[in-house]
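This briefing is for a reader who is new to the structure shown below.

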Amino acid sequence: MSESETQSLSIFIIGPSSTGKTTLCEALAEKLKIPRDAYVTEVARTVMREKGYSRDTIGLLEMQKAIMEGYYDRQRKLELTGNRFPIHLYDRSAIDPVIYAILTAANDTEANDRKRVLTKTVEFRNTIDKCKQSILILLKPVDGWLVDDGVRSIERQRECLDTFQGLLEEWEIPYVEMGEEIPLLTARVQKIEEIMSKVSSFQH
């Protein structure tokens with residue numbers, strides 16, 4: 001494969017709130033010299049602010065759908081740059097809102113209805129395909145890291161993680177977990193670099 005034909009490598013960092021996603025993304029961006037134009041930062045706050053949502057409205061399906069659309073819009077804009085950037089980095093993804101729509105449902109019936117609505121969207125289907133071709137890192141909660149900042153909900157961390165794991169397996173999306181077994185930021189970055197090296201070797 002020639003250099004001009006080399007595809008960009010996408011990395012998604014996902015998981016429950018307060019698990020170090022943004023911290024890891026920032027460290028990766030610095031270590032790998034990923035420019036801001038190739039780094040999709042967490043957009044949920046922007047969507048919530050622009051549309052008048054808050055943590056008190058996290059249970060609204062409309063809010064999660066708006067966040068999904070916001071993430072997907074940023075994802076598409078980055079994809080349209082082609083191979084201009086060798087690495088595309090994502091803080092969360094357009095599938096995260098599905099997780100939170102399920103977690104905030106009143107009962108199992110509502111959870112299944114919400115899941116069905118969101119997974120039928122073009123945004124979801126295209127994101128699933130994208131994730132299957134990318135490196136997906138699922139961060140697990142670490143004791144002492146949970147911080148309530150008034151926006152993110154830090155409750156039900158275990159249930160949130162279980163939902164992530166269950167749905168990623170259901171959707172057949174390969175992923176790598178990181179938690180208390182790799183607490184150091186430098187070690188997490190190194191682990192991702194090792195994964196990237198293996199993927200790069202396979203692609204070539």
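The model is a predicted one.

**Pairing of strand β1**
- Strand β4 spans residues 135-139, and β1 pairs with β4 in the parallel sense over 4 bridges.
- β1 also pairs with strand β3, residues 87-91, in the parallel sense and over 5 bridges.
- On the β3 side, Asp91 stands opposite Ile13.

**Burial of strand β1**
- β1 runs from residue 9 to residue 14 and is mostly covered, with 6 of its 6 residues buried.
- One side of the strand carries Leu9, Ile11 and Ile13, which are all buried.

**Helices α3 and α4**
- Helix α3 covers residues 61-79 and helix α4 covers residues 96-103; their axes lie 8 Å apart, at an angle of about 170 degrees.
- Angles over 145 degrees count as roughly antiparallel, and α3 and α4 are therefore roughly antiparallel to each other.
- The contact is made by Leu61, Gln64, Ile67 and Met68 from α3, which meet Pro97, Val98, Tyr100 and Ala101 from α4.
- Sorted by class, the residues in this contact of α3 with α4 are 7 nonpolar and 1 polar, with no charged residues.

How values were computed:
Residues are numbered from 1 along each chain as its sequence is written. This is a predicted model: local features need pLDDT of at least 70, side-chain atom pairs count only at pLDDT 80 or more; totals for chains, interfaces and linings use all residues. Side-chain values use heavy atoms; hydrogens and water are left out. Axes are lines fitted to C-alpha atoms, for helices over the stretch in contact, and angles run from 0 to 180 degrees between N-to-C directions. Helices (H or I, at least four residues) and strands (E, at least two) are DSSP runs, numbered from the N terminus. Angles under 35 degrees count as roughly parallel, over 145 as roughly antiparallel, 65 to 115 as roughly perpendicular and the rest as oblique. Contact means heavy atoms within 4.5 Å. Ala, Val, Leu, Ile, Met, Phe, Trp, Tyr, Cys and Pro count as nonpolar, Asp, Glu, Lys and Arg as charged, and the others, Gly among them, as polar. Buried means under 20% relative accessible area, exposed over 50%, partly exposed in between (1.4 Å probe, protein chains only). Two strands pair if DSSP finds at least two bridges between them.
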